[in-house]
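Dear colleague,

Please find below the structure that I am handing over to you.

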Amino acid sequence: MHDVSLETSDPAAMLEEIVRLRGEVVRLESKVEELDRLAHRDPLVPLANRRGMLRELETMIARHDRHGSPAAVLFVDLDDLKVLNDSFGHGGGDAALMQVANKLLEGTRANDCVARLGGDEFCVLLDHADEASALETAERLVDRIASEDFLFEGLPMPLSVAIGVTLIQPGDTPATVLARADKAMYRVKAAA
């Protein structure tokens with residue numbers, strides 16, 4: 001730690017301390033940015049985590065309330081992750097999660113938020129999406145994931161997802177939207 005008295009009459013020492021402090025501020029700002037990124041990103045897949053998704057969802061709901069722009073939430077569940085883990089080991093389960101994450105990213109727009117909520121659950125926030133486009137996106141993602149031949153250590157690993165869709169409605173909170181999307185996903189699973 002540097003000790004420089006504020007009462008010093010040495011301008012060179014003061015200038016040196018100012019330069020050092022500015023460097024320290026830049027270093028700390030960079031560290032804060034890195035910690036913020038880590039706090040909002042999933043450690044396994046290249047997606048936002050639940051915390052990051054909730055931040056984006058709050059912004060999307062506020063935009064919807066303010067401007068009335070349509071928005072939708074897709075709740076995505078990877079089918080049979082336990083079976084994949086049992087059959088291919090946890091490395092296989094992790095590879096399945098990575099594959100689904102990549103397919104979700106490839107099948108959505110750059111301004112959509114794709115997140116892993118935890119375990120086998122993902123979420124896609126579709127800004128400026130009405131019901132028809134949200135349902136079309138969900139169907140396209142289901143087909144993209146199921147139709148892709150995915151190999152893990154040379155063995156075919158069948159992947160499929162169930163996706164529930166809900167639109168943002170006036171008065172929604174992140175909790176109400178996610179609960180509705182989760183219920184929609186379970187209705188899709190029950191109908192399969």
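A residue counts as exposed when its relative accessible area is over 50%, and as buried when that area is under 20%. With these terms, one face of helix α4 can be described: turned away from the buried side, it carries the exposed residues Ala-132, Glu-139 and Ser-147. Please note that the model is predicted.

Helix α4 spans residues 131-147 and reaches 24 Å from its first C-alpha to its last. Its buried residues are Ala-134, Thr-137, Ala-138, Leu-141 and Ile-145. They lie on the same side of α4, because they cover an arc of only 100 degrees around the axis. An α-helix has 3.6 residues a turn, so residues three or four places apart point the same way. The buried residues of α4 pack against β1, α3, β3 and β6.

Helix α5, with 18 residues (174-191), reaches 26 Å, close to the 26 Å expected at 1.5 Å a residue. Buried in α5 are Pro-174, Val-177, Leu-178, Ala-181, Ala-184 and Met-185. Because their arc around the axis is only 125 degrees, they are on the same side of α5. The face turned away from that side carries exposed residues, including Lys-183 and Arg-187. The packing partners of the buried residues of α5 are α2, β1, β3 and β6.

Strand β6 covers residues 161-167 and contains Thr-166. Thr-166 counts as buried because its relative accessibility is 7%. Among the residues that Thr-166 touches are Ala-71, Val-177 and Ala-181.

Yours sincerely

Notes:
Residues numbered from 1 in each chain as written. Predicted model: local features only at pLDDT ≥ 70, side-chain atom pairs only at ≥ 80, totals over all residues. Heavy atoms only, no water. Helix = DSSP H or I, 4+ residues; strand = E, 2+ residues; numbered from the N terminus. Buried < 20%, exposed > 50% of the residue type's maximum accessible area, 1.4 Å probe, protein only. Contact = heavy atoms within 4.5 Å. Expected span 1.5 Å × (residues − 1). Arc of directions from axis to C-beta.
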